[in-house]
Amino acid sequence: MNTTHGIPMQLDARAVNILSGITTATLTTLLLKKGLRNVWLRGARPLRTGQPRLVGRAFTLRFVPAREDLATPESWSSPISTRAAIEDMPEGCIAVVDAMGVSDAGIFGDILCARMQKRGVTALVTDGVVRDQAGVLGTGLPVWCSGAAAPPSVAGLTFVDWQRPIACGGVAVFPGDVIVADDDGAVLIPAALLEDMLQLAPEQERLESWIMSEVDKGAALPGLYPPNAENRARYEATKKTGP
């Protein structure tokens, strides 16, 4: 099994199933309660909206500013290249790319995204941009990014490493952390907090669904959201009697 620092790079079916039903908004709230305020990756927006919510372990890649002796078309054939990194990506991972928010050099185009799709990569998430937007969309690889630009990566970036800690969208991402991405963006769950989220998130979604049903009935928000003792007791009673 592919592992990083002892962490399996493929999430089990239970984790994927649970987190696929949890909004990124709910996850940010729960992580805030755990003391983590900085988990939403800035600039990573869905290239195509309306995609299913996606979940996977983070496979990290890092760019630094372009340096003329290193950021060349010849570098694409180097052992340290995005091409080599893609061949290391395990099935089911989410590629998370630190492009430093650079918006005038596309990190990946249609050919690289097509290869990732063939390797079973779940999604690409970056604070940078892609190129060949129509072609990238045509590959079917789900992408969260800041937009599109025609120039290649070497016009503004130097690729340096993969499977190391990175900063993507201002968030510290370590290999093996968990990414959940939907139309609200991409959120990081630290690997050590995964089990906590699997326990807490479904209950939070159930509670908020009940609160929404009360709002639909005309209930006022004070004492309901968040629930006071009386409303909490009413909610707990519905759990015993069923929907």
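**Close-up views of a predicted model**

Trp210 and Tyr235 are both buried, where buried means under 20% relative accessible area, exposed means over 50%, and partly exposed lies in between (1.4 Å probe, protein chains only). The model is predicted, so to speak of a local feature a pLDDT of at least 70 is needed, side-chain atom pairs count only at pLDDT 80 or more, and totals for chains, interfaces and linings use all residues. Residues are numbered from 1 along each chain as its sequence is written, and side-chain values use heavy atoms, with hydrogens and water left out.

**View 1. The whole chain.** Let's start with the overall picture. The chain has seven helices and 12 strands; helices (H or I, at least four residues) and strands (E, at least two) are DSSP runs, numbered from the N terminus. Its C-alpha atoms fill a box of roughly 65 × 35 × 30 Å along the principal axes. Of the 243 residues, 47% count as buried. The accessible surface comes to about 11600 Å², and carbon and sulfur atoms hold 55% of it; such areas come from the Shrake-Rupley method with a 1.4 Å probe, and for residues only the protein chains shown count as cover.

**View 2. Phe63 meets Phe159.** Rings of Phe, Tyr and Trp (its six-membered ring) pair if their centres lie within 6.5 Å; planes under 30 degrees apart are stacked, over 60 edge-to-face, and the rest tilted. By this rule there are three aromatic pairs. In one of them, the ring centres of Phe63 and Phe159 are 5.3 Å apart and the planes stand at 65 degrees, so the pair is edge-to-face. Phe63 belongs to strand S4 and Phe159 to strand S8, so this pair links distant parts of the chain, 96 residues apart. Phe63 is buried at a relative accessible area of 2%, and Phe159 is buried at 12%. Together with Trp162, these two form one aromatic cluster.

**View 3. Trp210 meets Tyr235.** This aromatic pair is tilted, at 5.7 Å from centre to centre and 55 degrees between the planes. Trp210 sits in helix H6 and Tyr235 in helix H7, so the pair ties together parts 25 residues apart in sequence.

**View 4. The nonpolar cores.** A nonpolar core is a set of buried Ala, Val, Leu, Ile, Met, Phe, Trp, Tyr and Cys residues joined through side-chain atoms within 4.5 Å. The largest one has 29 residues, and Leu61, Met89, Phe108, Met116, Leu124 and Val143 have the most contacts inside it. Among the elements giving two or more residues to this core are strand S4 (54-65) and helix H4 (110-118). A second, separate core of 19 residues includes Ile22, Leu27, Leu30 and Leu193.

**View 5. Around Ser153.** Ser153 lies in the loop between strand S7 (143-145) and strand S8 (157-162). Is this residue buried or exposed? Ser153 is buried, with a relative accessible area of 9%. Leaving aside neighbours within four places in sequence, Ser153 is in contact (heavy atoms within 4.5 Å) with Phe63, Trp76, Ala105, Gly106 and Ile107.

View 6. Met212, Val215, Leu221 and Tyr225 make a nonpolar surface patch of about 390 Å². Patches use residues with over 30% relative accessible area and no salt bridge, joining like charges within 9 Å and nonpolar side chains (Val, Leu, Ile, Met, Phe, Trp, Tyr) within 5 Å; a salt bridge is a side-chain nitrogen of Lys or Arg within 4 Å of a carboxyl oxygen of Asp or Glu. Leu221 is found in the loop between helix H6 (194-216) and helix H7 (229-241), and is partly exposed at 46% relative accessible area.
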